[in-house]
Amino acid sequence: MNSVLYLTCSPRGALSFSRRLGDELLARLSALHPGLRVAAHDLADAPPPWIDAAFSAAILSPLALTPPAALAASEALIAALEAADALVIATPMHNYGVPAVLKAWVDQIVRINRTFRSTPAGKVGLLADRPAYLVVASGGWFTGPSPAGTPAQPDFLTGYIRAALATIGITSLHVIALEGVTRGAEQADLAVTRARAEITRLLG
Ligand SMILES: Cc1cc2nc3c(=O)[nH]c(=O)nc-3n(C[C@H](O)[C@H](O)[C@H](O)COP(=O)(O)O)c2cc1C
């Protein structure tokens, strides 16, 4: 592994739990792979553009007929992903799903006839598989009930990112969850300890 694309999605800067554990995961990867190049993109700070009419028309038009500007942002984001041997996404859960900035990134990089093809057998990814890590911080619990027995929240985040990345060919996704981080210092510490243990299990 020579390079990694590191996406952060929290608007909370240094206070962000997902960024903190994402940084720790990056440090572990860097120790395992000396000289690892990290391309960091803070999506909260520099969000991808929303899908507009020009993009919607361009993805279904022959490339020769497409104004290059319509797909310029998409091309740059896809190129950054293609250039990376691994992908790390550190994100909060917002309303059971991905933050809008991460959805905007997905919409730019999951592109028909560029990163996947549509076939009678279904969508076929065009990117080589590579290790991907998803660090998710949530105020409550979604992998199971809370310690107090409150039922698990819906989770439209991890399954969505798994499906979106699989569509383009990236199927080696590992999820590291930080749950209950807004439920007091004790729960937050426990979440960090568990996430660290999971990183150690995955990377040694
Ligand atoms: C707009 C918004 C929506 C949120 N929705 C959820 C949610 O659906 N479930 C949950 O457990 N926490 C929710 N939270 C809490 C965040 O997931 C939590 O604060 C988490 O720490 C944010 O990650 P960060 O520390 O990396 O910023 C929400 C927070 C915000 C600001």
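Contacts between residues 24 or more positions apart make up 77% of the protein chain's contacts with a separation of 6 or more, a contact being heavy atoms within 4.5 Å. This is a predicted model, where local features need pLDDT of at least 70, side-chain atom pairs count only at pLDDT 80 or more, and totals for chains, interfaces and linings use all residues. Residue numbers start from 1 along each chain as its sequence is written, and side-chain values use heavy atoms, with hydrogens and water left out. Here is a quick tour, from the overall fold to the ligand and then a few residues worth a click.

**Overall fold**

- The protein chain has six helices and seven strands; these are DSSP runs numbered from the N terminus, with helices (H or I) of at least four residues and strands (E) of at least two.
- Read from the N terminus, the order of elements is β-α-β-α-α-β-α-β-β-β-α-β-α.
- The radius of gyration of the protein chain is 18 Å, close to the 17 Å from the globule rule for 204 residues, so the chain is as compact as a globular protein of that length. The radius is taken over C-alpha atoms, and the rule is 2.2 Å times the number of residues to the power 0.38.
- Along the principal axes, the C-alpha atoms fill a box of roughly 60 × 40 × 35 Å.

**Surface and burial**

- Of the 204 residues, 43% count as buried; buried means under 20% relative accessible area, exposed over 50%, and partly exposed in between (1.4 Å probe, protein chains only).
- The protein chain has an accessible surface of about 9900 Å², and carbon and sulfur atoms hold 59% of it. Areas come from the Shrake-Rupley method with a 1.4 Å probe, and for residues only the protein chains shown count as cover.

**Around the ligand**

- The ligand is surrounded by 17 residues, the closest being Ser10, Arg12, Ser16, Ser18 and Gly140; a residue is near if one of its heavy atoms lies within 4 Å.
- By class, this shell holds six nonpolar, ten polar and one charged residues. Ala, Val, Leu, Ile, Met, Phe, Trp, Tyr, Cys and Pro count as nonpolar, Asp, Glu, Lys and Arg as charged, and the others, Gly among them, as polar.
- Oxygen atoms of the ligand lie 2.7 Å from an N or O atom in the side chain of Arg12 and 2.5 Å from a polar side-chain atom of Ser18.
- A ligand nitrogen atom is 2.8 Å from an N or O atom in the side chain of Gln153.
- On its own the ligand has 630 Å² of accessible area, and the protein covers 76% of that.
- Helix H1 (17-32) and strand E6 (132-138) are the elements that give two or more residues to the shell.

**Buried helix residues**

- Arg19 sits in helix H1 and counts as buried at 19% relative accessibility.
- Leaving out residues up to four places away in sequence, Arg19 touches Tyr6, Thr8, Ser10, Gly13, Asp42 and Ala90.
- Ser74, in helix H3 (residues 72-82), is buried with a relative accessible area of 1%.
- The side chains of Ser74 and Arg111 make a polar contact at 2.8 Å. A polar contact is a pair of N or O atoms within 3.5 Å; within protein, one must be able to donate a hydrogen and the other to accept it, and residues adjacent in sequence count only if both atoms are side-chain atoms.

**Backbone in a loop**

- Most residues other than glycine have a negative phi.
- Asn95, in the loop between strand E3 (86-92) and helix H4 (100-109), has a positive phi of about 50° and is exposed at 75% relative accessible area.
- Tyr96, also in the loop between E3 and H4, has a positive phi of about 70° and is partly exposed at 38%.
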